[in-house]
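Here are some friendly notes to read beside the model. Please keep the 3D view open and look up each residue as it comes up.

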Amino acid sequence: MAKYLFEPPPVAALPILGTDALYPVARIFCVGRNYEDHAREMGHVVDREKPFYFSKSATTLRRDGATIPYPPGTTNYHFECELVVAIGAPAFKIAASDAERAIFGYACGLDMTRRDLQLSERAKQRPWTLGKDVEASAPVSPIAPAAAIGHPRRARIELRQNGETRQKSDIAELVWSAPELIAHLSGFYHLGPGDLIFTGTPAGVGPVQPGDKLEASIDGVGALTVTIGAPQ
Ligand code: MN
């Protein structure tokens, strides 16, 4: 058997409620502008014809309780609180009506964003990589299996910064639901176990400072607490 030149990077993984097993993460897909009020605060109207995506590396994943460093290259690092869908079965070109069977579970995550770079990249019609695929920018709560909590269609989603509520909405406000996103995305990818989908954020996104405590929660799904660390 061939040897690796160096030790392979550790597998990114999330705890699962109710079991000691970990959910190993393969890919992180993220949806843009999936709540009408957030699209508006970003200066857009929602495109109801089709969703759009960007991605984060699996290595950006962090767990509940993590300290997230304030990254280099930005002076406007933002939180975005989101429902995260964890895929648990192969899904390729499947219908929305069939998509829930591909969902292992749900979690609450933060899509941390260099807003200044995302917006300057967007203005130049360049990809959002520097704005979105930021090291340690994807903290996610433990995964709640659908077998335990079902498939939530309404639930309060909330982000508190140092105890103050900044984002408050309901996942019923999603423009594209989890099954609709899986149906669309599975037309382009062979989705499978280990794939996460960040489903987009409601209005109220804002900047963080070193030392901030962020508490994200989705009723009946999960909760996540992270601290913003020193600038790098
Ligand atoms: Mn987002």
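The points below go through a few places in this structure, one by one.

1. Before you start. This is a predicted model, in which local features need pLDDT of at least 70 and side-chain atom pairs count only at pLDDT 80 or more, while totals for chains, interfaces and linings use all residues. Residues are numbered from 1 along each chain as its sequence is written, and side-chain values use heavy atoms, with hydrogens and water left out.

2. The metal site. Please find the manganese ion: Glu80 (OE), Glu82 (OE) and Asp111 (OD) coordinate this ion at 2.0 to 2.1 Å. Donors here are N, O and S atoms within 2.8 Å of the metal (3.2 Å for Na, K and Ca), and since water is not among the atoms, sites may look incomplete. Along the sequence, the donor residues follow the spacing E-x1-E-x28-D. Glutamate 80 and glutamate 82 are both buried; buried means under 20% relative accessible area, exposed over 50%, and partly exposed in between (1.4 Å probe, protein chains only).

3. Two cysteines. Searching the whole structure gives 0 disulfides, a disulfide being a pair of cysteine sulfur atoms within 2.5 Å. Cysteine 81 takes part in none, and its nearest cysteine sulfur, in cysteine 108, is 4.1 Å away. Cysteine 81 is buried because its relative accessible area is 1%, and cysteine 108 is buried because its value is 0%.

4. An open sheet of 3 strands runs in the order 10-7-16, with antiparallel pairing. Strand 10 (113-114) and strand 16 (206-207) are its edge strands, each pairing on one side only. Helices (H or I, at least four residues) and strands (E, at least two) are DSSP runs, numbered from the N terminus, and two strands pair if DSSP finds at least two bridges between them. Strand 7 (residues 77-79) is joined to strand 10 over 2 antiparallel bridges, with histidine 78 bridging to threonine 113 of strand 10.

5. Helix 2. Next, look at residues 115-123, where the buried residues of helix 2 are Arg115, Gln118 and Glu121. They fall within an arc of 135 degrees seen down the helix axis, so they line one face of helix 2; the arc is that of the directions from the helix axis to the C-beta atoms. Strand 7, strand 10 and helix 3 (129-132) are among the elements that cover these buried residues. Just after helix 2, glutamine 125 has a positive phi of about 55 degrees.

6. Beyond its neighbours within four places in sequence, serine 169 is in contact (heavy atoms within 4.5 Å) with Tyr35, Ala155, Arg156, Ile157 and Pro202.
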